[in-house]
Amino acid sequence: MSINLASKLSTEELEKKVSSLHFFKEIAHHDPQQLRAMIQQSRLYSLAPGETFLRQGDQDTWLYFLMRGELLVCDPADHSRVMGVLISGEVFGEIAVITGEERTMDIVVPDHIREAIVFATNFASLAQIRESGGMEMETKLIVYRQIVQILRWRVELYRTTFPNSELAKVPFKLISREASGDIAAELEAYRDYALFLAVRLQKLNSQLGPIPSASANPAE
């Protein structure tokens, strides 16, 4: 059974735990108060061996970071069919929160590890471009830039793994940046680009199958 450790830790203790993740380092450098605001909307889970953490059909607004251990991406109908492996430092669940669609795979803790630790942050306050939700536009832009980097890296894995696939060879769309320096417009461009990449990854996954993780995320 998953245990939410965040309720037992102070904001300062949680901040120390996530400080090793590159995803949050840039936010802390921009504004430590913004990082603390994110942490206050977050959870820290301790997962037991054999536990199913996420299930196909789940629909939520949580973005996940594997801080310790290993997780398996499994066929919901048969957990012995492992479609991928998540390793410490990886971000997962980003496609579902970007597209707003249900999760398509089960995430399971392997039997051979003692414990998996997962940090989860609520993406809901980051997804609203014009509304604050306690998050500044500059903070949201930092988050979306990193999500785009992760999604592009995943697409690039398909390009290198399936060099002869016409679908995988489709060029990246470019982001249109506003010369006026309008942060809201740039943020909207990154949000739209993240959605474009997430939908493309769904198609690649559906037609070519999932690619097991070969290394940690580029945003690590």
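Mentor: Of the chain's 220 residues, 46% count as buried. Please keep in mind that this is a predicted model. The chain holds seven helices and nine strands. Among contacts with a separation of 6 or more, 77% are between residues 24 or more positions apart.

Let us begin with strand 9, which covers residues 116-122. Seven of its seven residues are buried, so strand 9 is largely enclosed by the rest of the structure. How do its side chains divide between the two directions? A116, V118, A120 and N122 point one way, while I117, F119 and T121 point the other way, and all of them are buried.

Now for the partners of strand 9. Strand 2, residues 42-47, pairs with strand 9 in the antiparallel sense over six bridges. Within that pairing, S46 has I117 of strand 9 as its bridge partner. Strand 4, residues 62-68, also pairs with strand 9 in the antiparallel sense, over six bridges. Here F65 has F119 of strand 9 as its bridge partner. I117 and F119 both belong to the set that points the other way from A116, V118, A120 and N122.

N122 deserves a moment of its own. This residue lies in strand 9, and its side chain reaches the backbone nitrogen of A124 at 3.0 Å. If we leave aside neighbours within four places in sequence, N122 is in contact with Q41, T61 and W62. W62 falls in strand 4, which spans residues 62-68.

Four strands form an open sheet in the order 3-8-5-6, with antiparallel pairing. Strand 3 (52-54) and strand 6 stand at the edges, each with a single partner strand, so one side of each is left without a neighbour in the sheet. Neighbouring strands of this sheet are turned by 40 degrees against each other on average, direction ignored.

Strand 5, residues 70-75, is mostly covered, with five of its six residues buried. On one hand, strand 5 pairs with strand 6 (residues 78-87) in the antiparallel sense over six bridges, and a hairpin joins the two through two residues. L71 has L86 of strand 6 as its bridge partner. On the other hand, three bridges join strand 5 to strand 8 (residues 106-108), and these strands run antiparallel. In that pairing L72 has V108 of strand 8 as its bridge partner. V108 also stands opposite T52, in keeping with the two bridges that join strand 3 to strand 8 in an antiparallel arrangement.

Finally, a look at two helices. Helix 1 (residues 11-18) and helix 3 (residues 32-39) pack at an angle of about 105 degrees, with their axes 10 Å apart. Helix 1 and helix 3 are therefore roughly perpendicular to each other. From helix 1 the contact involves T11, L14, E15 and V18, and from helix 3 it involves L35, R36 and I39. These contact residues divide into four nonpolar, one polar and two charged.

To come back to where we began, strand 9 has antiparallel pairings with strand 2 and with strand 4, and its residues are buried on both sides.

How values were computed:
Residues numbered from 1 in each chain as written. Predicted model: local features only at pLDDT ≥ 70, side-chain atom pairs only at ≥ 80, totals over all residues. Heavy atoms only, no water. Polar contact = N/O pair within 3.5 Å; in protein donor to acceptor, adjacent residues only side chain to side chain. Contact = heavy atoms within 4.5 Å. Axes fitted to C-alpha atoms, helices over the stretch in contact; angles between N-to-C directions. Parallel < 35°, antiparallel > 145°, perpendicular 65-115°, else oblique. Nonpolar A, V, L, I, M, F, W, Y, C, P; charged D, E, K, R; others polar. Buried < 20%, exposed > 50% of the residue type's maximum accessible area, 1.4 Å probe, protein only. Pairing = 2+ DSSP bridges.
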